[in-house]
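Open the model in your viewer and keep the sequence panel beside it. This tour tells you what to select at each stop and what to look for there.

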Amino acid sequence: MALTIGERVQRFLLVLVPRLLLALFKLVSPGTKRPKHLPPIRNPLLTLSAVQLAEKIRRREVTSVEVVQAYIDRIQEVNPLLNALVKDRFPFAIQEAARADKLIEEENGGEEVLRNRFPLLGVPLSVKEAFALQGMPNSGGLKSRGKVLASVDAPSVALLKRAGAIPLGVTNTSELCMWMESSNHLYGITSNPYDLERMCGGSSGGEGSLIGGGASVIGIGSDIGGNVVSNDGQVPPCSGLQNDYLGSGPMCRYAEDLLPLLKIMAGPTADKLSLSEEVDLKKLRFFTVVDDGGSPLTSPLDNQLIQAQKRVAARLEADLGVKVKEVSFPQLKYSFQIWDTFLALPDKDGKPPQPFVEQMADGGSVWPVWELIKRIFGRSEHTLAAIGLALMQSSHSSKPSQFILKQKEELQKEIDDLLGTDGVLLFPSHPILAPKHHHALFTPFNCGYTGILNILGLPVTQCPLGLSKERLPLGVQVVAGKLQDHLTLAVALYLEKAFGGWVDPGVV
């Protein structure tokens, strides 16, 4: 559907104005002389998946202590550049690795017994700081919670530890996990391992940066998107209908780790996902959506992302003999508005979500306008992104837009009917390549590309597709019908083999 003249003017301004503001921002910001890229990975243990590491540890081909130490060494090498891990527990991790090695030595039942009891025995793990990890900070990036330590493990963390995984520490997040860039006034800003001048995403950007930089093999992240993994033990806690849209899940470099990690993290609810079911890709129906329909709020889609998604469609057709059908949904133009509206809806008992200003004050309240004035003079404890979100929420109408509610209802039905139990959809991950630090402040509505799928409650697997000409990651979202996670995971495995998967950011 073509844009109107007014929408085209609006889009032009939304592209031009952020670029002018960013140029001004660069003029007044101090420059840095640090290197732009990470050193390459040298230890071959860091290039193995968690599944492979666990197998080698069980077979005594390598010790858990050696693996954990290899990751500690890599973290100490790259974290001063990334600022991804904000608190480590290295001494405890080494002790736990030694206990894992001793358990393997004393086990008489053989490798199979260990695999069934402790599928991740001895494998290192990183955890988003918003998740409770006993003894570690649990602030959610909120400065006033800087001294809060978790007294227990979040359920998903406990399940992974019970499976034998060894936490190395906790990673950075955006303030209260509600922004696209992992930056806060407690820990600072986290950088992209492929270009240290660029953002790594959020709110699980610390995890993404550490894993992408080869300094962690598996991790725990979360997003405003629904699944069956427990959301308990996170900061901030869910309220209103947010628990329907907040999803916790695995993050990793290698696709073969996704399914076993999700099985463990989902615990007793894993059966809902049919994760043990074999998937024949040739029997699936494939669809592709080019963009969000030309929303005037979002940036135009980068051509390199367009071409990468086209290559995926072409490869699927060539390899599997399937037809990838291009489809469109006019409601996607309102993706951000739908996301924003549904996060503010009350729960089934009519109780509204906790206001963001109260979360910012950790139980009290703040005045966003006053915080903005303080921020101008460098006196606020809150990021500009958090203040902006608080201002936006304070301007919300008490009643949601019926038009937006209708758009979501129609979109939900159309996509659910299209995908069913055997459909897979390709959708852009973001309209632009990884932005420079703070650039997202000037393009806040681009989060609609991921946010809309969260609100629809659909399983999504983000799949890497190599690097751009600027050596920045390309990727695509692989989407399936509700509870059909096994389909997206199967496609992720295929795409990793077809396009090479994760690329060491230190190899230029």
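The model is predicted, so local features are given at pLDDT of at least 70 and side-chain atom pairs at pLDDT 80 or more, while totals for chains, interfaces and linings use all residues. Residues are numbered from 1 along each chain as its sequence is written, and side-chain values use heavy atoms, with hydrogens and water left out.

**Stop 1: α6 and α9**

Select residues 155-162, helix α6, and residues 258-266, helix α9. Helices (H or I, at least four residues) and strands (E, at least two) are DSSP runs, numbered from the N terminus. Two packed helices are described by the angle between their axes and the distance between the axes. The axes of α6 and α9 are 8 Å apart and the packing angle is about 120°. That makes α6 oblique to α9. Axes here are lines fitted to C-alpha atoms, for helices over the stretch in contact, with angles running from 0 to 180 degrees between N-to-C directions. Angles under 35 degrees count as roughly parallel, over 145 as roughly antiparallel, 65 to 115 as roughly perpendicular, and the rest as oblique.

Now show side chains. Ser156, Leu159 and Leu160 of α6 meet Leu261, Ile264 and Met265 of α9; contact means heavy atoms within 4.5 Å. The residues of this contact of α6 with α9 are five nonpolar, one polar and no charged. Ala, Val, Leu, Ile, Met, Phe, Trp, Tyr, Cys and Pro count as nonpolar, Asp, Glu, Lys and Arg as charged, and the others, Gly among them, as polar.

**Stop 2: aromatic rings**

Rings of Phe, Tyr and Trp (its six-membered ring) pair if their centres lie within 6.5 Å; planes under 30 degrees apart count as stacked, over 60 as edge-to-face and the rest as tilted. By this rule the count is five aromatic pairs. Select Tyr334 and Phe403, an edge-to-face pair with 5.1 Å centre to centre and 85° between the planes. Tyr334 sits in the loop between β11 (324-326) and α11 (335-343), and Phe403 in helix α15 (residues 402-419), 69 residues apart. Tyr334 is partly exposed, with a relative accessible area of 24%, and Phe403 is partly exposed at 42%. Buried means under 20% relative accessible area, exposed over 50%, and partly exposed in between (1.4 Å probe, protein chains only).

Next, select Phe336 and Trp339. Their ring centres are 5.8 Å apart and their planes at 40°, so the pair is tilted. Phe336 and Trp339 are three residues apart in helix α11, separated by about one helical turn. Are they buried or exposed? Both Phe336 and Trp339 are buried.

**Stop 3: α11 and α16**

The contact includes Phe336 and Trp339 of α11 and Gly448 and Ile452 of α16. By class, the contact of α11 with α16 has seven nonpolar, three polar and no charged residues.

**Stop 4: buried residues**

Select helix α14 (residues 384-394), where Ala385, Ala386, Ile387, Leu389 and Ala390 are buried. What covers them includes α12 (356-360) and α13 (368-376).

Last, select Thr171 in strand β3 (residues 166-171). Thr171 is buried, with a relative accessible area of 0%. Not counting residues up to four places away in sequence, Thr171 touches residues including Ala84, Ser126, Lys128, Glu207 and Leu210.
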